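Trainee: I'd like a close look at one part of this model. Could you walk me through it and then on to some packing elsewhere?

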Amino acid sequence: MARPGPVGGQYQPLTGEQLGRIHDASLAVLERTGIQVENERALDLYRHAGAQVDGNRVCITPAMVESGLASVPSRVLLAGRDPAQDLLLEGRRVYAGTGGSPTMVLDPGADFVRLGTLRDLVDLARIADALEHCDFITIPLHPTDVSAEDGPVTRFYTCLANSTKHVMSNVQTDAGSVAGVGQVIDLAGMISGGLEALRARPIVSVVTSWMVSPLHLDTGVTDILIEWCSQGLPVVLSSAPMAGSTSPVTLAGTLVQLNAEQLSGIVLTQLVRPGTPVLAGYIPGVVDMRSGGYLGGAIEFGIMQAAAAQLAHHYQVPIYGSGGMTDSKLPDAQAGYEKMATLLLAAMGGCNYIHHAFAMITNMNAASLEQAVIDDEIVGMAMRALRGVAVTDDSLTVGAIDRVGPGGHFLMDGHTLQFMRSELFNPPLADRQNRAAWEAAGKGTSRERAAARVGMLLREHSPPPLQPAVEAAIRAKFNIVV
């Protein structure tokens with residue numbers, strides 16, 4: 001039984017006519033402007049499928065796009081080590097989890113970041129496993145104390161051993177090469193019981209940032225993408241143009257370019273292996289016009305993410321997106337409103353797989369355990385919003401209203417006791433006391449309460465370990481340094 005995800009799609013910034021215009025413009029870009037491809041394997045695949053190839057410029061026909069979309073699956077299973085943590089991505093089902101691969105960590109109570117270690121990754125994985133509203137782990141830290149040789153397997157192993165949820169990673173940072181991809185697949189296969197068992201229930205997947213916007217395939221990452229697709233495992237096609245920098249400054253223009261990039265990638269994956277499970281990785285960014293830097297908490301980011309979800313729904317391809325980021329340097333008010341705004345728009349847009357939703361601070365530059373537990377409440381509130389208002393005979397409760405009558409009180413009525421826990425979201429971290437009670441309790445801040453909850457979870461939560469025989473076999477084959 002897959003972990004249930006609430007249904008989004010309530011927020012649709014594009015009309016049907018606007019959606020069609022963006023689609024048509026994207027096809028025009030692919031057919032007229034094309035994409036730049038230096039990877040020889042990709043060039044051959046595109047050429048043999050009917051693309052117009054002039055040197056390294058590849059122009060993709062609408063017929064090729066139509067063929068790719070007909071082949072790509074409309075649902076993708078991302079399995080957990082525990083089947084209760086399985087995610088089934090389809091339609092407008094929404095899930096949220098960790099993301100990013102920063103090298104820095106912000107400790108509880110600290111004002112300054114430090115270099116992250118493998119011990120920090122262990123703690124982040126355990127916290128993510130413990131948090132109720134965290135659905136998956138996209139490896140949230142790139143430890144600086146692990147060698148490049150041991151890194152790929154160690155990072156995946158650390159998350160798989162310290163959580164029963166699905167583990168995804170950025171293939172560049174956490175596999176690094178075609179050889180690294182092979183090691184990761186071997187590791188996951190040992191845990192799953194073989195490659196075919198892994199294909200049937202993929203407990204790992206990868207993000208490939210194969211596209212260097214605008215419209216240029218990264219040669220090395222494309223090699224890794226092709227290798228991963230050849231194994232028939234789920235893959236994310238991530239492109240992240242920044243409006244005003246690596247894509248047009250208008251939101252519509254960025255969506256056209258981003259959509260063209262995604263369609264070109266879907267075509268490629270299906271040429272490698274028809275039926276390859278793909279998440280369309282629309283990550284539309286915004287540039288800070290004052291500094292040229294990336295903005296993680298911009299409201300336009302959330303608007304475009306919801307619009308991108310509409311495009312993915314139109315093509316019936318699951319979407320990997322982003323939400324819950326902030327440009328704030330600390331878990332403060334700015335972090336709260338930026339995270340809620342971008343997350344809620346992505347969720348209400350029906351984005352299937354929202355990464356970056358937990359633990360990120362200073363957009364993607366640092367991870368924070370405090371922020372992770374605060375984010376659990378932000379995500380919980382957003383998911384409650386997706387549930388909306390249930391209108392049933394029980395919820396309309398004419399009988400309870402009649403029973404209590406004019407001037408009565410519902411606090412101790414049986415109907416209240418029956419529904420109060422399921423109807424109302426009760427955040428364990430937020431302080432909802434009156435001011436006098438809050439002052440008497442020491443006037444604690446949300447950050448202080450978050451730090452205390454981090455300590456409690458790390459003391460009390462221990463995910464089930466790998467089977468001893470599997471653990472021994474992994475350590476005999478790989479140099480696991482944790």
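Trainee: How many residues of helix α5 (residues 151-161) are buried?

Mentor: 11 of its 11, so α5 is mostly covered (buried means under 20% relative accessible area, exposed over 50%, partly exposed in between, with a 1.4 Å probe and protein chains only). The buried set includes Arg155 as well as Gly151, Pro152, Phe156, Tyr157 and Cys159. Bear in mind that this is a predicted model, where local features need pLDDT of at least 70, side-chain atom pairs need 80 or more, and totals for chains, interfaces and linings use all residues. Numbering starts from 1 along each chain as its sequence is written, and side-chain values use heavy atoms, without hydrogens or water.

Now for a helix pair: α9 (residues 219-230) and α10 (residues 251-272) have axes that come within 9 Å and cross at roughly 50 degrees (helices are DSSP runs of H or I, at least four residues, strands of E, at least two, numbered from the N terminus; axes are lines fitted to C-alpha atoms, for helices over the stretch in contact, with angles from 0 to 180 degrees between N-to-C directions). α9 and α10 are therefore oblique to each other (under 35 degrees is roughly parallel, over 145 roughly antiparallel, 65 to 115 roughly perpendicular, the rest oblique). In α9, Thr222, Leu225, Ile226, Cys229 and Ser230 meet Leu268, Thr269 and Val272 of α10 (contact is heavy atoms within 4.5 Å). That contact has 5 nonpolar, 3 polar and no charged residues (Ala, Val, Leu, Ile, Met, Phe, Trp, Tyr, Cys and Pro count as nonpolar, Asp, Glu, Lys and Arg as charged, the others, Gly among them, as polar).
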